[in-house]
Amino acid sequence: MKTSLLTLAALLLLGITRTLGHGGVELGPNGGRIVEFSKNETVHGEVTLTNGQFHVSILDKDMKPVAVTEQSLVVTGGDRARPEKPKVEVQGGRFVFSALKGDDYLLVLQFRENPASKAITARIEFDAAICSACKNPEWLCKCSSEKEGKKSDTHDHKGAEKHDHEKKK
Ligand SMILES: [Zn+2]
């Protein structure tokens, strides 16, 4: 596992040590969101947003870019009740599609390595709100990995004394 010194420093600064390389948001070489496009970590996607366009680059197991050839991507997203399927094009060896309306929606990416392979589904909760801690949009925020999708398996800290504001002395 590679961890840059900068990332390590940031993690230490935040006092987060136990989430290293486990769950949460992973950022790629271009600062994009890393999604898993394989069952065995051999293919990844890096999702970036530029001028209203999402770009999805394919990365190999060493996070080196792979040009899109026979791979395909189907995107579904937006309002859960009325999901949209933005048109995905290939430009400069990567997938490109237009951002959907709104600042907060789910993107479902269905990736196929080639026409014969099974689709791998990756999900991104897109959230354009800026994180006050890291100044990244929430969908690219590493600090938020603790907030979502994780069971509170931290040490059993019983908050018995929480409602002590009526304490008389
Ligand atoms: Zn953050």
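Reply: Met63 counts as partly exposed because it has 13 C-beta neighbours inside 10 Å; a residue is buried if 20 or more other C-beta atoms lie within 10 Å of its own, exposed if 12 or fewer, and partly exposed in between, with C-beta atoms placed from the backbone. The model is a predicted one, in which local features need pLDDT of at least 70, side-chain atom pairs count only at pLDDT 80 or more, and totals for chains, interfaces and linings use all residues. Residues are numbered from 1 along each chain as its sequence is written.

Met63 lies in the loop between β3 and β4 (65-66), strands being DSSP runs of E with at least two residues, numbered from the N terminus. The phi of Met63 is near 65 degrees, a positive value in a residue other than glycine.

Strand β3 (residues 53-59) pairs with β2 in the antiparallel sense over seven bridges; two strands pair if DSSP finds at least two bridges between them. Within this pairing, Thr48 stands opposite His55 in β3. β2 and β3 form a hairpin with two residues between them, and Asn51 in the turn has a positive phi of about 50 degrees.

Strand β2 (residues 44-50) also pairs with strand β1 (residues 33-36), again in the antiparallel sense, over four bridges. Here Glu36 has His44 of β2 as its bridge partner.

A further positive phi, near 65 degrees, belongs to Lys135, likewise a residue other than glycine. Lys135 is found in the segment after β9 (120-127), and Lys135 is exposed because 8 other C-beta atoms lie within 10 Å.
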